[in-house]
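Subject: Structure handed over, with notes

Hello,

The structure we discussed is below, followed by notes on what came out of it. Please read the notes with the structure open.

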Amino acid sequence: MTATELITTGRKAKAPAFGEAKRRLTSPWATLAAIIIAAIWTIPTFGILVSSFRPRVEIQTTGWWTALQNWGWTTENYVEALNTSTGGLSLLGAFVNSFAITLPSAIIPLILATLAAYGFAWMEFRGKNLLFVLVFALQIVPIQMAFIPLLQLFSQGELFGFPIIQAFSDQAGYAQVWIAHTIFGLPLAIFLLHNFIAQIPGEVIEAARVDGAGHGQIFFRIVLPLSMPAIASFAIFQFLWVWNDLLVALIFADGNVAPITKLLAQMVGQRGEDWHLLTAGAFIAIIVPLLVFLFLQRYFVRGLLAGSAKG
Amino acid sequence: MADFFGWLSTLSPWLEIPIIIGVFVFAVGVLLFFIEIAPRAGRAYTIARLAACVLIPLGIMWALQSWWWAIAAAGVLGLLFFWLDQRSRGGVGSLFQLFGFLAPALALLLVGLVLPVIQTLVASTMNSRGTAFVGLDNFVWILTQPQGIRTIVNTIVWVLIAPVVSTVIGLVYAYFIDKTRGEKVYKILVFLPMAISFVGASIIWRFMYTARPVDAEQIGFVNQIIVWLGGSPVPFLQVQPWNTLALIVVFVWIYTGFAMVVLSAAIKGVPTEQLEAAELDGANGFERFMNVVVPGIRPSLIVVLTTIAIASMKIFDIVRTMTAGANNTSVLANEMYQQFRSFEPGRSAAYAVILFILVLPLVIYNARQLKAQREVR
């Protein structure tokens, strides 16, 4: 099963009827190896979680694996980390910024993409396939290719040196980063949602049309509810992508609208040895994706697989 | 629009979220309403359509605080569009509906991706101020400079090592845990890093790599293990050229989960009969794995490899956060950002173009594989 199919068909992997063949394919050694790999993969995160609750002195002088001998726990690190300011913005502020950037940046491209996907799937016009291939092809462009000109458009209002719009002022808040994420999210979203929406049975659409519904109603009453699984998967993917993003934030979210990833990256540069702050800060940043992962696992896996090559 | 955003930015962020989403949903609702009534016959609907054709572009350009000529052009285009729509072959209003669905997304893509990409291509042949054409000088500069070559070599090292290692570990792990008790828990443990941002992962691993002087107690787990084994601590992020490998470990730690989940699903699709037949023929576990399972999941393997290769080629966050490219660890995406920050848009664009050229064959190959796979089913 390929990545895209996981999201577009929404099918779960078929549980094979093994019956007698359910005998294990592998030996106890394999199980041991699996346990070791699982341990190696878990230890780093566990270490940072333990460390974030240890007093500063303990972190700096003893390893977290000795936490039981060097007893001592505190939540002071979290308080201090949240109040740590870098460039006039506290980590708490950046945490809030992350939400303010991420939620609109996940929802807006999704709606636009659903509209476009419906157009591509259920409306006939000349050059449709060519246009769709072009949109698909946009996925292959690394977003780095668009950064500088887009930033110029925001800051000077110029396209190819022609003044088109008034420049965004310094007070534009999150607008730049919202728009940037919306644009960068569109090609993948259109492609995946199109695959899903095109699979809705034609009879359903036709029946609605016979009943007198126009494209507006068909979209709102039929396509939107039916594509909810795909929409949810993509929404979660885009949410996590934006939440975890550093590159777009570095370029489009300046000053006091910076998200937590950017602030953490700055903290590593400026206070790289303050492990009591970094461990707590890192844990604050990863707790949201972890919660999403644990509670929305199915959508999460599908979404992440489908979008793994984005960027 | 700038005024609106200016006003918005004075509010609490928690208030901004519902307002911007609400305004947007309202606008889409209005659009859908017009789409719904567009094909209806009758004078009132015609007037409504005319108004929408002219007022919507005017309104958008006005909201963007465009120059007068741009606003006027938008209005004229809207009028022209109305006229075309009246005479369109698909019936009155058919073009209007089509535009309503496609135009918002396509306009954003045009302005935000297509034109910028062309501009970047142009900028890569211009000098730093963007005033004079310099041909391929920027590329020559990158390729003749030790730092630039090092960057490209590092990126290639990333692409050669990271996908293979994460795929192999993911595959072996997926095979080992296949149909064991607690398979789900095993999967969660290894997939978990996929949820963590590269920045978070970088901090986690910087902590793992921390080195203390020989006589002091270690606080980085990796160095502690080295000390336990009788070695002396290594400052992993500073030792060239192995520091790039230390960064790749972080990436592998994240992407193994991806490989594992996809390949695990593929392994479950390998026909049981084949495995049983191999077993009857006396093949042991390893032989069954190499001769039945691996060929059976070959398409998925290729897709996983290419997908991770694309991701590793574009890698930025890990390098940025852990070393910022110091000690010869820089990669293309990081150098692109570095040049942008030092006000060298020409060189920055050239780096972006190199990245694009390198990634292009991989992406095309990946897309073809996906397509071929879909046709098989």
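Helix H7 of chain B, residues 146-177, has 32 residues and reaches 46 Å from its first C-alpha to its last, close to the 46 Å expected at 1.5 Å a residue. After H7(B) comes B:Lys179, whose phi is positive, near 60°. Please keep in mind that this is a predicted model.

Domains and core

Chain B is divided into domain 1 (2-123) and domain 2 (140-376). The C-alpha centres of domain 1 and domain 2 of chain B are 42 Å apart. The largest nonpolar core has 203 residues, and A:Ala116 and B:Leu263 have the most contacts inside it. Both domain 1 (2-123) and domain 2 (140-376) of chain B give residues to this core, so it lies between them. Neighbours within four places in sequence aside, A:Ala116 is in contact with A:Ile190 and, in chain B, with B:Phe101, B:Leu102, B:Ala105 and B:Leu106.

Contact between the chains

Chain B puts 109 residues into the contact and chain A puts in 110 residues. On the side of chain B that touches chain A, helix H5 of chain B (residues 94-123) gives the most, with 17 residues. By class, that side of chain B has 76 nonpolar, 22 polar and 11 charged residues.

Chain A

Chain A has 15 helices and four strands. Of its 311 residues, 53% are buried. Among contacts in chain A with a separation of 6 or more, 72% are between residues 24 or more positions apart.

Backbone points to check in chain B

Most residues other than glycine have a negative phi, and most peptide bonds are trans. The following places depart from that.

- B:Gln240 and B:Pro241 are joined by a cis peptide bond, with omega about -5°. B:Pro241 is in the loop between helix H10 (221-228) and helix H11 (242-268) of chain B.
- B:Ala324 has a positive phi, near 55°, and is not a glycine. This residue is in the loop between helix H15 (317-322) and helix H16 (332-341) of chain B. B:Ala324 counts as partly exposed because it has 16 C-beta neighbours inside 10 Å, and a buried residue needs 20 or more.
- B:Asn327 also has a positive phi, near 55°, and is in the loop between H15 and H16 of chain B. With 15 other C-beta atoms within 10 Å, B:Asn327 is partly exposed.

Regards

Key: Residues are numbered from 1 along each chain as its sequence is written. Chains are lettered from A and ligands numbered from 1 in the order in which they are written. This is a predicted model: local features need pLDDT of at least 70, side-chain atom pairs count only at pLDDT 80 or more; totals for chains, interfaces and linings use all residues. Domain bounds come from an automatic or database domain assignment. A nonpolar core is a set of buried Ala, Val, Leu, Ile, Met, Phe, Trp, Tyr and Cys residues joined through C-beta atoms within 7 Å. A residue is buried if 20 or more other C-beta atoms lie within 10 Å of its own, exposed if 12 or fewer, and partly exposed in between; C-beta atoms are placed from the backbone. Two residues are in contact if their C-beta atoms, placed from the backbone, lie within 7 Å. Helices (H or I, at least four residues) and strands (E, at least two) are DSSP runs, numbered from the N terminus. Ala, Val, Leu, Ile, Met, Phe, Trp, Tyr, Cys and Pro count as nonpolar, Asp, Glu, Lys and Arg as charged, and the others, Gly among them, as polar. The expected span of a helix is 1.5 Å times one less than its number of residues.
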